[in-house]
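Morning, everyone. Please have the sequence and the model open while I talk. I'll go through the contacts one group at a time.

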Amino acid sequence: MKFNAHEQMHGRTLSRRSLCYTLLAPAVIPMSPQLRTHAALASGLLRFDSSFSNAYILVRAGESLSDAAERIDTNPVNRDDVARGALTERGAQQVLDLARRLSELEFPLIWYSTACRSTRTAEMLGAALSLPRERLVPEYSFLDARGLGRLDGEPSAQTWASVHARDATDAFWRPPEGDDGTPNESVADVFARVRQLLSITETQYSQENIVIVSPDSEVLSTIAAAVCGSPLEMHSRFEMAPGEMRDLRLLQRDDGWRERRSLRACRAPADARDAAS
């Protein structure tokens, strides 16, 4: 659906940028009273200012060959490329370690990106936890790695540092466009995807332990920031390494959770990064 430069909503003019805010969670991004009114019209999408009906555990896929090579790998064309996405020996061990910790969960449901490293991570977790195939749910787009456009293929450490510095100034900032089909996504773009994903899981399931497996940290750090009530610009504070997991229940069950949300000052404490230290 395309929008003109200005859209009329209930007799009021809403700019393209304001419309983007309307589609994002009002509890995540500070909004004016007028935009909050428009945001209320975005019914059917998940809000992050109330508890979920499911428990969510975020998992970044085990270390892949591209992770080990320390190169940005976000072009969806390469998602099935075993030469890039196969797990390293270290990555496979990370997944086995994750499985031991996830064994405390009762019959978890695993939602995973179909990128090679995420698929392999999910399959190994399913086998180690003796889960039937129907408990492994592939996700074909919402959990894709954040596209970095022309920055794809660049050295990972310095590139992410630069990208996160720009993110901190504007959640709508996008990396430069490339010419190889790699998307160039802002944090707000990523949030729009994950919000749709969680809206689906919250509608379809209740009282489930849902493990979300993503090929990169950006998707997961965006979810964590939203749940915590932290501004999207600061999502990198929740950055996750390959093979790492974070239990969102530790954020939502904290007595100060709602207060932190209202103050918009939530941090990523060490004890909130793992499900079972």
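Start with the charges. Asp73, Asp81, Arg84 and Arg117 are joined in a network of salt bridges. Keep in mind that this is a predicted model. How many salt bridges does the count come to? It comes to 13.

Take Arg60 and Asp67. Their side chains form a salt bridge, at 3.5 Å from N to O. Arg60 and Asp67 are both buried.

Next, Arg146 and Asp167. Here the closest N and O atoms of the salt bridge are 2.7 Å apart. This pair links distant parts of the chain. Arg146 sits in the loop between S5 and helix H7 (156–167). Asp167 belongs to helix H7 itself, and the two are 21 residues apart. Again, both Arg146 and Asp167 are buried.

Arg174 is in the loop between H7 and H8, while Asp189 is in helix H8, 15 residues apart. Is Arg174 buried, exposed or partly exposed? Its relative accessibility is 43%, so Arg174 counts as partly exposed.

Now helix H7, since Asp167 is part of it. H7 has 12 residues. From first C-alpha to last it reaches 16 Å, close to the 16 Å expected at 1.5 Å a residue. Which residues of H7 are buried? Ser156, Thr159, Trp160, Val163, His164 and Asp167. Look down the axis. Those buried residues fall within an arc of 130 degrees, so they line one face of H7. What do they pack against? H8 and helix H9 (217–228). The face of H7 turned away from the buried side carries the exposed residues Ala157 and Gln158.

On to the aromatics. A pair of aromatic rings is described by two things: the distance of the centres and the angle of the planes. Searching the whole structure gives 2 aromatic pairs. One is Phe52 with Tyr56: centres 5.4 Å apart, planes at 85 degrees. Why is that pair edge-to-face? Planes over 60 degrees apart count as edge-to-face, and the planes of Phe52 and Tyr56 are at 85 degrees, so the pair qualifies. Phe52 is buried, at 12% relative accessible area. Tyr56 is buried too, at 2%.

The other pair is Trp111 with Tyr205. Centres are 6.3 Å apart, planes at 85 degrees, so this pair is edge-to-face. Trp111 lies in strand S4 (residues 109–113). Tyr205 is in the loop between helix H8 (187–204) and strand S6 (209–214). The pair therefore ties together parts 94 residues apart in sequence. Trp111 is buried, with a relative accessible area of 6%.

Last topic: backbone. Most residues other than glycine have a negative phi. Two residues to check here. Phe107 is not a glycine, yet its phi is positive, about 45 degrees. Where is Phe107? In the loop between helix H5 (89–102) and S4. Phe107 is partly exposed, at 45% relative accessibility.

Then Ser130. It is not a glycine either, and its phi is positive at about 55 degrees. Ser130 is in the loop between helix H6 (116–128) and strand S5 (136–139). Buried or exposed? Ser130 is exposed, with a relative accessible area of 64%.

That's my tour. Over to you.

Methods: Residues are numbered from 1 along each chain as its sequence is written. This is a predicted model: local features need pLDDT of at least 70, side-chain atom pairs count only at pLDDT 80 or more; totals for chains, interfaces and linings use all residues. Side-chain values use heavy atoms; hydrogens and water are left out. Rings of Phe, Tyr and Trp (its six-membered ring) pair if their centres lie within 6.5 Å; planes under 30 degrees apart count as stacked, over 60 as edge-to-face and the rest as tilted. Buried means under 20% relative accessible area, exposed over 50%, partly exposed in between (1.4 Å probe, protein chains only). Helices (H or I, at least four residues) and strands (E, at least two) are DSSP runs, numbered from the N terminus. A salt bridge is a side-chain nitrogen of Lys or Arg within 4 Å of a carboxyl oxygen of Asp or Glu. The expected span of a helix is 1.5 Å times one less than its number of residues. The arc is that of the directions from the helix axis to the C-beta atoms. Contact means heavy atoms within 4.5 Å.
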